[in-house]
Amino acid sequence: MIEIIDIHCHLTFKEYDADREQVIEEAKKILKGVVTSGVEPEDAKRALELMEMHEGFVFVTLGLHPIHVAGKTDQEIEEYEEFISENKRKIVGIGEIGLDYHWIRDPLKIKRTKEVFVEFLGLAKELDLPVVLHLRGTGSEAIEEGLKIVLDEDVRKAVFHCFTGKPQLAEQICEEEYYISLPASIVRSKSMKKVAKRIPISLLLTETDAPYLSPDESEERNVPQHVKEVYEEIARQRQIGVPVAEEEIERNFERLFEVEL
Ligand SMILES: [Zn+2]
């Protein structure tokens, strides 16, 4: 019996339009649960629909991905926050939210992204939900800044999704009791392997970010099943059995998102 979890993917994305149900049925064969993240208002509605169709298997976090911030007015953001509040009981977290210096370079847009990021951290605290952080770009700058912001805002429950920073930075994040989630691209990243080995297992989570970041670069889209490779790599790095990793990560998942599988 395989007991694995994908804490971050995007099952609502167009890459699955042709065969979404089939992908989810396949995922159910080897996974215990998946968290699909809504990245903007329309996507959020689709994520909730999918959750309702697959209750107890598909879980949802809702947020405003940094790349979707620039196109939104204050009023649209406010309405979206209201929508999230109204659906508080249907979701397990706020995210993904954060900073993206890979796609966002303009100083004014960066300023706006940060303001909206802080706004959503406030919403998460108000609703008492954990946050899923997207912090990407130019070395570890986004991660370091994001860490500073969540500390300044006194956010207690957070996961750094798709962590690409140095092992030392991962350790620093874990000292604050925040979680780190590693994607299937770990199979080709020395630095991620070190992170998997060094941080406390009680703060480690597993994801695919599917349809992105396939463990096999020649493959066009990723699927949640590939999270299996993250477990195998964690077990290898820590010299533990895969079932031990499964048990620990399930416990972490249940603790952070306050759900029972
Ligand atoms: Zn994502």
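**Close-up 1. Glu250 and Lys32 form a salt bridge in this predicted model.** The closest N and O atoms of the pair are 2.9 Å apart. Glu250 sits in helix α9, residues 242–257, and Lys32 in strand β2, residues 31–38. The bridge therefore ties together parts that are 218 residues apart in sequence. Glu250 has a relative accessible area of 12% and is buried. Lys32 reaches 24% and counts as partly exposed.

**Close-up 2. Lys157 and Asp128 pair through their side chains.** The N to O distance in this salt bridge is 3.3 Å. Lys157 belongs to the loop between α5 (141–152) and β6 (158–160). Asp128 belongs to the loop between α4 (107–127) and β5 (131–136). The two residues are 29 apart in sequence, so the pair ties together two loops. Asp128 is exposed, because its relative accessible area is 52% and the cut-off for exposed is over 50%.

**Close-up 3. Asp19 and Arg221 meet in a salt bridge.** Their side chains come to 2.8 Å, N to O. The structure holds 20 salt bridges. Side chains of opposite charge can pair when their charged atoms come close.

**Close-up 4. Asn222 is buried in a loop.** The loop runs between β8 (204–206) and α8 (227–238). Asn222 has 0% relative accessibility, so this residue counts as buried. Its side chain has two partners shown here. One is the backbone oxygen of Tyr212, reached at 2.9 Å. The other is the side chain of His226, in a polar contact of 2.9 Å.

**Close-up 5. Glutamates form a negative surface patch.** The members are Glu76, Glu78, Glu79, Glu82, Glu86 and Glu119. Helix α3, residues 74–86, supplies the largest share of the patch, five residues. Glu79 is placed in helix α3. The relative accessible area of Glu79 is 48%, and the residue is partly exposed. That value lies between the 20% and 50% cut-offs, so Glu79 is classed as neither buried nor exposed.

**Close-up 6. Lysines and an arginine form a positive surface patch.** Lys190, Lys194, Lys197 and Arg198 make up this patch. Arg198 lies in helix α7, which covers residues 190–198. With a relative accessible area of 44%, Arg198 is partly exposed.

Definitions and conventions
Residues are numbered from 1 along each chain as its sequence is written. This is a predicted model: local features need pLDDT of at least 70, side-chain atom pairs count only at pLDDT 80 or more; totals for chains, interfaces and linings use all residues. Side-chain values use heavy atoms; hydrogens and water are left out. Patches are made of residues with over 30% relative accessible area and no salt bridge: like charges are joined within 9 Å, nonpolar side chains (Val, Leu, Ile, Met, Phe, Trp, Tyr) within 5 Å. Accessible areas come from the Shrake-Rupley method with a 1.4 Å probe; for residues, only the protein chains shown count as cover. A salt bridge is a side-chain nitrogen of Lys or Arg within 4 Å of a carboxyl oxygen of Asp or Glu. Lys and Arg count as positive and Asp and Glu as negative; His and the chain ends are not counted. The place of a charge is taken as NZ of Lys, CZ of Arg, CG of Asp or CD of Glu. Helices (H or I, at least four residues) and strands (E, at least two) are DSSP runs, numbered from the N terminus. Buried means under 20% relative accessible area, exposed over 50%, partly exposed in between (1.4 Å probe, protein chains only). A polar contact is a pair of N or O atoms within 3.5 Å; within protein, one must be able to donate a hydrogen and the other to accept it, and residues adjacent in sequence count only if both atoms are side-chain atoms.
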